[in-house]
Amino acid sequence: MNISRREWWWGQTGFMFLLALMGLVLVRCGHLQYYKVDEFRQRAERQQLKVLRQEPRRGMIVDRRGRVMAVSTRITSVRLDPVLIEDRAGIAKKLAEILELEYEPLAAELEERKEKRFMWVKRDVSEQEIKSLKELGQRGIVLENEYQRCYPMGQLASHVIGFTTIDGDGLEGIERRYNECLAGKQGSLELCTDVRRRTVGTAGKQQAVEDGQTVVLTIDAVIQATVEKHLQDTVEKFQATAGTAVVMDPSTGDVLALANWPTYEPAQGRQSSLEARRNRALTDPIEPGSTFKPFTVAAALEGGYTRLNEKIDCLQTAYSGKGIGTIREYKHPYGVLSVSDILIHSSNVGVAKLSQWMGKEYFYGMIEKFGFGQKTGIDLSGEGSGILRPLKEWCWGDYALTRASFGQGPVVVTPMQLIRSFCCLANGGWRLRPRAVRGILSAQGEVLEDFTSVDDAVQILSPKTTWSMIDDPLCGVVERKGGSANKASLEKYKVFGKTGTAQIPRKDGPGYEYGKWVSSFIGGAPSRRPRVVVLMSIREPDRALGLGYTGGQVAAPAVGAIIQETLEYLGVPAEIENEIACN
């Protein structure tokens, strides 16, 4: 067969074209096989695999006796996959009717998110609503199981516990501080799906869910309820603007109760005001007033500058001199008093003279040892450090030195600092770190962490100093006739303590707000082996009521009641007759 030149040329051209085409195909295959393989593998996984997330149950928060104060319960919520919904207006109408929602906002959001794959509709739906939604049989409506945070005891200890976001992340209090422990770890399961995203099997990859751990508080719910009741009653009785109260075990630093007023419900924490949520026991700096005088006397005793029976001339008039201005007593001049009587009668002149005997370097050092001017280290968020002005001549002259002796001027404290320091007098001189958490348990109840050790305690006073302080002057404040806290006296127990009535500094300059006070009492019992120390501070009691405004009139009765109810609840026996009397 003869082939023309033209036919041969076309044959050769076609062959070369075919070879080029085959070459292009091979190059493309190589490109896809070696260079695009990861991209297509990922695309296939997105199309063929679905990851089922398994949310952990958030851990519980329980009190020291295991009573549940925060727990997560399973609920059912409704979400949408807008891409799978064609009749968006119709579905929005049906959902609004079933779930009792407003139609227009729901329809508008659904239209806006029509190209998205996720949209919440309603959290925590009822059984009837679930049944009605299932009867719709609509693609794109997903019923999802999740957990909701609940607080079985309502507002009890809300400033300690805190609250969470709607998705369960801690925002304040223990919920925030221990969020990592409480949250647990999310689990996952890979599923194989068909072209319509229906599950056809498992892919084999799985990560087990780990439920959150349990946080055990030092708080006792019964003591907490007692404190909150007396705090609220006192604030309302004196029509005060706010109040705070703390109960502590002086031998361990355990916070048995911590309450603030106003307060809030943790379940509505996100809707509550900042004022209600403020943990005043940790954040509010106050001039301690006369509650600071026991530390001045203890420092003088510890340094050998005086003795409790030593007589000091507190004058029959105001105390004045170069650099100190004028110092007056609250009621009247006292003349000559023993150091014990200086505390019992709360003499400003007496403690001012003691501070001058000690000098600023020693006195300042003792104030630091008590822990003022620094955070206590309690395991709660938001703690302030108070104020202790630096030891400089312009800041710590004779005027500041004498004012510091009775809780004014260069020393400003938080209630937590104040009660922690007072516990030093009740436990033999040891400064402890307060704690709100006793330990961490696994979801199965195993002990993971135990915080009950007191290895970080620091002894700042001798037992001789502290016991002598309690035996005579501090018990005398409550028990002796003319003491400033007679209303805290109890029949079964000898109460020791100190009152304080501090003026509130002005915000717009030097000086104090006229007629505004913080009325406090800090006390403990039993006197021989103290089990509890209680502090209550009431801000701005209304003097116009005629009920009084001093710490002894406002806070002492409530503290006495709290001490009695707490010790009876703890089963502490009454102090026996042959113990040393406080007189």
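Good morning. I begin with a charge and a ring: the charged end of R123 sits over the ring of W120, 4.0 Å from its centre. A charge counts as sitting over a ring if NZ of Lys or CZ of Arg is within 6 Å of the ring centre and within 35 degrees of the ring normal. K353 likewise lies over the face of Y319, at 5.3 Å from the ring centre.

Please note that this is a predicted model, in which local features need pLDDT of at least 70 and side-chain atom pairs count only at pLDDT 80 or more, while totals for chains, interfaces and linings use all residues. Residues are numbered from 1 along each chain as its sequence is written, and side-chain values use heavy atoms, with hydrogens and water left out.

I turn now to ring pairs. A pair of aromatic rings is described by the distance of the centres and the angle of the planes. Rings of Phe, Tyr and Trp (its six-membered ring) pair if their centres lie within 6.5 Å; planes under 30 degrees apart count as stacked, over 60 as edge-to-face and the rest as tilted. How many aromatic pairs does this rule give? The count comes to 11 aromatic pairs.

Consider F163 and Y264: their ring centres are 5.9 Å apart and their planes stand at 85 degrees, so the pair is edge-to-face. F163 lies in the loop between helix 6 (158–161) and helix 7 (173–177), and Y264 in the loop between strand 10 (255–261) and helix 10 (274–277), so the pair ties together parts that are 101 residues apart in sequence. Helices (H or I, at least four residues) and strands (E, at least two) are DSSP runs, numbered from the N terminus. Both F163 and Y264 are buried, where buried means under 20% relative accessible area, exposed over 50%, and partly exposed in between (1.4 Å probe, protein chains only).

F422 and F496 form a stacked pair, with 6.1 Å centre to centre and 15 degrees between the planes. Because F422 lies in helix 17 (residues 415–426) and F496 in strand 21 (residues 496–505), this pair ties together parts that are 74 residues apart in sequence. F422 and F496 are also buried. Elsewhere, ring pairs link F292, F295, F370 and F372 into a cluster.

Finally, I consider L343, in helix 13 (residues 339–344). Is L343 buried or exposed? L343 counts as buried because its relative accessibility is 0%. Beyond its neighbours within four places in sequence, L343 is in contact (heavy atoms within 4.5 Å) with residues including K293, P294, M469 and K498. Thank you.
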